[in-house]
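Start with the packing, then follow the strands, a helix and a loop.

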Amino acid sequence: MTVEPPVSGGEPVLVVTEELSIPLSELQLVFSGSTGPGGQNVNRVATRVTVRFDVAGSPSLSEEHKQQIRSRLSTRMDKHGVLRIVSQKHRSQDANRQAAVERLQELLREALALPGREEEQ
């Protein structure tokens, strides 16, 4: 996950491409109980993480970007244009948060890649 630290009083951003960064404040994180591994904590600690990103309402995305994301990730979006990523495979909330944000970053990069050209990792 590429997160840039705040620059002169700004806020941290998620780097999607060289040209596009999304402020972390545009991401909504929801924590809940997980059905995955967790031992004694499985029923007491909210380790499952859902990251929601309002594509339709994002001021960071151009209309062209929004259209590309909507057409390529429509199965992961609700009718209001909110993209949802869930992670519950790790035992800690922090690891699931990082995994969900990394997956969001990866999906956005893939959706915004030019047709016929895969981004090198």
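The largest nonpolar core has 22 residues, and Phe 53, Ile 69, Leu 104 and Leu 108 touch the most other members. A nonpolar core here is a set of buried Ala, Val, Leu, Ile, Met, Phe, Trp, Tyr and Cys residues joined through side-chain atoms within 4.5 Å. Buried means under 20% relative accessible area, exposed means over 50%, and partly exposed lies in between (1.4 Å probe, protein chains only). E5, E6 and helix H2 (93-112) each supply at least two residues of this core. H2 gives the most, with 7 residues. Helices (H or I, at least four residues) and strands (E, at least two) are DSSP runs, numbered from the N terminus.

This is a predicted model: local features need pLDDT of at least 70, side-chain atom pairs count only at pLDDT 80 or more, and totals for chains, interfaces and linings use all residues. Residues are numbered from 1 along each chain as its sequence is written, and side-chain values use heavy atoms, with hydrogens and water left out.

Take Leu 108. Leaving aside residues up to four places away in sequence, Leu 108 touches Val 16, Ile 22, Phe 53, Ile 69, Leu 73 and Leu 83. Contact means heavy atoms within 4.5 Å. In general, nonpolar side chains of soluble globular proteins tend to be buried together.

Now the strands. E5 (residues 48-54) runs antiparallel to E4 (residues 27-32), joined by 6 bridges. Across this pair, Gln 28 stands opposite Arg 52 in E5. Another 6 bridges join E5 to E6 (residues 82-87), again antiparallel. There, Phe 53 has Leu 83 of E6 as its bridge partner. Two strands pair if DSSP finds at least two bridges between them.

Which residues of helix H1 (residues 63-72) are buried? Lys 66, Gln 68 and Ile 69 are. They lie on the same side of H1 because they cover an arc of only 165° around the axis. The arc is that of the directions from the helix axis to the C-beta atoms. Glu 63 and Glu 64 are exposed on the other side of H1. H2 is among what covers the buried residues of H1.

Finish at the loop between E6 and H2, where Ser 92 is found. Ser 92 counts as partly exposed because its relative accessibility is 33%. Its side chain reaches the backbone nitrogen of Ala 95 at 3.0 Å. Ser 92 and Ala 46 are 46 residues apart in sequence, with their C-alpha atoms 8.7 Å apart in space.

Terms used:
Polar contact = N/O pair within 3.5 Å; in protein donor to acceptor, adjacent residues only side chain to side chain.
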